[in-house]
Amino acid sequence: MPAEADVRAGFKPAPISNFPHIRSERTVPGFFWTLVAALLPATLFRCVLYRGDGFRALTVVITSAVLTELLAGKWLRKRPGVYDGSSVSIGLLIFQLLPPYLLSWHFAAAGFLAIFLGREIFGGLGQNPFHPSVVGAGLLWMFHPQLPDFSNAHPVLLYGEAVCLFLGGIFLIVRKLAPPEIPFIYLGTVLALSWIFNRPAVWSGEEIRWGVLAGFFLITDSVASPVTRQGKQIFSLAAGIFTALFGIGSGIPGAVLAGVLLSNALIPQIDGRVRPAGARKRKK
Amino acid sequence: MKNGLKLDGKKDATLTPWTAARPALPLRVRIPLVDPSGKKASPLVKEGDRVLRGQKIAETKNGPAFHASLSGKVLSISDQIEIISDGKDEPVSETLGRERKKWENLSREEVTALLVENGIAVPESDFTAVVINACESEPYLTSDHSLLMSHSVEILKAGKILQKVLNAPELVIALEDNKSEVSELLKSKIFFHSWSRAKVVAFPACYPQENEEILRRDLFAEKTSVHFVSAAEAFAVYEAVALQKPFYERIVTVAGECVAQPRNFWIRVGTSIEDSAKFAKGFLRKPARILLGGPMKGTAAEAPDTPVLKDTRAVLGLPPEIVKPETVHPCIRCGWCVEACPVSISPVMITLAAERDLFAIAEEHGASQCIECGNCSYVCPSKRPMVELIRYARRG
C-alpha cells in the first residue's frame, strides 16, 4: 500500500497539497442516488400495481439490503456503512426483478444475498464481478424454481412498466451515467435474434419490459461492466446474444438473468483485450 | 488531442482590463537559491550588502544566474536570499532597459552567453523547431493573454532570437482559440514584418493543451526535436538580449474568488504571495487554499511568505466551495478516467494495480506514459488520489 496516502475508501480525505485542486461535481453518492431517482417512476408504478404486496416487498428488500451493507461494513471492513445509495439502488432493482407475490422472507433473503454474496465477499463496493441484484434474484430463482408466474399482470400494465423504466433509463443517459448506445445495442440484439429464431411473442409486454429493465439498468451498472466504451458495447452485444439464446428454451426472466450473469463473467476477458491505445500489450 | 477537459475558464475577471498593472514595490523579496534543475546556487553577496535592481547575486555552474529584483539591503542568506527594499528601486546600471546597439547582429554564442548571464536557461544543442507555449487552458490564468496583447512584437522578436540560438528553422506560437484577438494580432504582425517560418496555431480550449507532450504530438511528427519556452520566458529572452535587462519580473495573474480585485500584475521575482495578494487589494474572505500556478497543476502554498518564482503564472486564492476536501470512495469502475485521459492509458487499471502493489500490471496499462495532467483525478467521482497512485506505480 502506498505510504503517503491511505487510499482505502472512507478512511481519510486525500492529502490537500496535491494537484489537481479542483474536481468535477460528480460524486459516488450523487451517482447512486441519481440511479435511485431513475428507478422511482417504475417503483411507484409497481407499488400501485401490486398495492399491499408491492409496498411490503419494497420495504423488506430495501431494509434487508441496507442492513446487510451496514453490518458487513462493521464486521468485514471495520468502517461505518457508507450512505451512498448503492444498497438502496440494489434493493430497488431486486424489487423490479422478483414478483411481489413472494413471501417477505424471500425478499429479505434476496436483499441479503445480493449485498453479501453479490458484493461484500468480493471486497465491497466496486469489487463485484457480477451485478448484485441479478445475483440476489438469480439465487432465489435457483432455490425456488416454482416461482409464481411473472406475466400475471395485464399486458397493458406491463407496457406501462416498460414505459416507466424507459423514462428512468433516458434520465440515466441524460445525466451521463450510461453511454447512450449501450441499452439500444442490447435491446436491438435481443429483439432481432428473437425474431430470427421465430419466438412467438417478440413484442409482448413481458419481453419489452424485461428488455428495457436489463438494457437500461442491468447492463449499464458501472461496476459490473467493462471500463472502456468499446468494451461496454461488446458487453452489451454479448448480453443480448446470450439473452436471446437462453430465451429460446426457457422463460424470459430466466433468460435475462442468465444472459446478464454470463456476460458479467466475460468482463475480465473483455477488459483484458479491449484497451485504450496507450495501454495495449506490446509485442515483445 | 483527444479527450481533453473543457473546464470553466473564469478568465473574464482578469481580462477587464487585460493590461498588466505595475504595483508598488514590495517591502522585501526572497530569491530561492535553487535553479530549476534542483542544483543549489552559490551566493555572490553577503549579509548586509547593498544590492541594486538587476544585480547578479548568485550563480550556478553553467546554469542561469540569479538577480536581485529590487534595490536594498541583503537581510539574510540561507536557502534563499532575502532583500529588504530601500524604496529607491535603483537599477544596477544606466543601460538597464535601454536598447542594446546592434543586438540583431550578435552571434549565436554571444546571445547564448547573454541569456545565461541574465537568468534564462538555454540548451546547447540544435533543434528543429521552437514553440512559444502561450496555451493556458487552466481556469483563472490570463498572464500570457495579457503579455501577448501588450507585447506581441517583442514575443515575435524573441522567437527569432531563439531560432538563432537553437538553430531552429521553425517557429510556432501555440495558443487557444478563445484568445482570438491575440492570434489575430500576432498574425497581423507576422504579416507586416514579413516573417516567414513563423506560425500561429490556435487550439481548442481544452485542458491539458499546454502540456509539452500533448503539444508535441499535436504539432509535429514523432521524433522531431522541439524546444518549448513559455511566453513569459520568451519575453525575458527579448528583454535580456535587446533591452539589457535580466529576468527579474514577470506578469502574474492574481485571481481567485477570494481576491478583491483580480488582475494581471508585473510582479518582481521573490515577492511573497501575501504581498501579491495585497496588490489585488487583498482577500475579501479567507481562502481555503492559496495556489502558485493554475488549479490543475499548481502547488498549494504553505506559508504566506512563499515567493513568486520565474515560472509562477498565477497566485490564486480559492474559497472552500471550490477546493473542498473530499472523502475517498472505492473505485466504482465507471470508466470516466479512461474517457478523460489525453494519452489514452488506463488510469483505473493502473491505480487499482498500484493499490495492491502490482507494478508490472500497472506498467502494462501504461503507467510510464502518464503525463500527470490530473484529468483522471478531476473526473473521478470517488475522488481517488489518482495522480499520487500513478506516481506510486511509476516509482515501484
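User: How far apart are the mean positions of the 52 positive and 51 negative charges of chain B?

Analyst: Lys and Arg count as positive and Asp and Glu as negative, while His and the chain ends are not counted. Each charge is placed at NZ of Lys, CZ of Arg, CG of Asp or CD of Glu. On that basis, the mean positions of the 52 positive and 51 negative charges of chain B are separated by 2 Å.

User: What pLDDT do local features need in this predicted model?

Analyst: Residues are numbered from 1 along each chain as its sequence is written, chains are lettered from A and ligands numbered from 1 in the order in which they are written, and side-chain values use heavy atoms, with hydrogens and water left out. The model is predicted, so side-chain atom pairs count only at pLDDT 80 or more, totals for chains, interfaces and linings use all residues, and local features need a pLDDT of at least 70.

User: What percentage of the residues of chain B count as buried?

Analyst: A residue is buried at under 20% relative accessible area, exposed at over 50% and partly exposed in between, with a 1.4 Å probe and protein chains only. Among the 284 residues of chain A, buried ones make up 56%. For the 396 residues of chain B, the buried share is 60%.

User: Which strands stand at the edges of the five-strand open sheet of chain B?

Analyst: Two strands pair if DSSP finds at least two bridges between them, and this open sheet, with mixed pairing, has the order β13-β12-β16-β14-β15. Within it, β14 (residues 289-292) and β16 (residues 314-318) of chain B are antiparallel over four bridges, with Leu292(B) opposite Val315(B). Two strands have a single partner strand each, so one side of each is left without a neighbour in the sheet; these are β13 (263-268) and β15 (299-300) of chain B.

User: Which residue is the bridge partner of Ala129(B) in β11(B)?

Analyst: Strand β11 (residues 226-230) of chain B has four of its five residues buried, so it is largely enclosed by the rest of the structure. Strand β8 (residues 129-133) of chain B runs parallel to β11(B) and is joined to it by five bridges. In β11(B), the partner of Ala129(B) is Val226(B).

User: Which helices are included in what covers the buried residues of α12(B)?

Analyst: Helix α12 (residues 386-395) of chain B is mostly covered, with seven of its 10 residues buried, among them Leu389(B), Ile390(B) and Tyr392(B). The cover is judged by contact, meaning heavy atoms within 4.5 Å. It includes these helices of chain B: α8 (336-340), α9 (347-355), α10 (359-364) and α11 (375-379).

User: How many helices are there in chain A?

Analyst: Chain A has zero strands, and its pattern along the sequence is α-α-α-α-α-α-α-α-α-α. The number of helices in chain A is 10.
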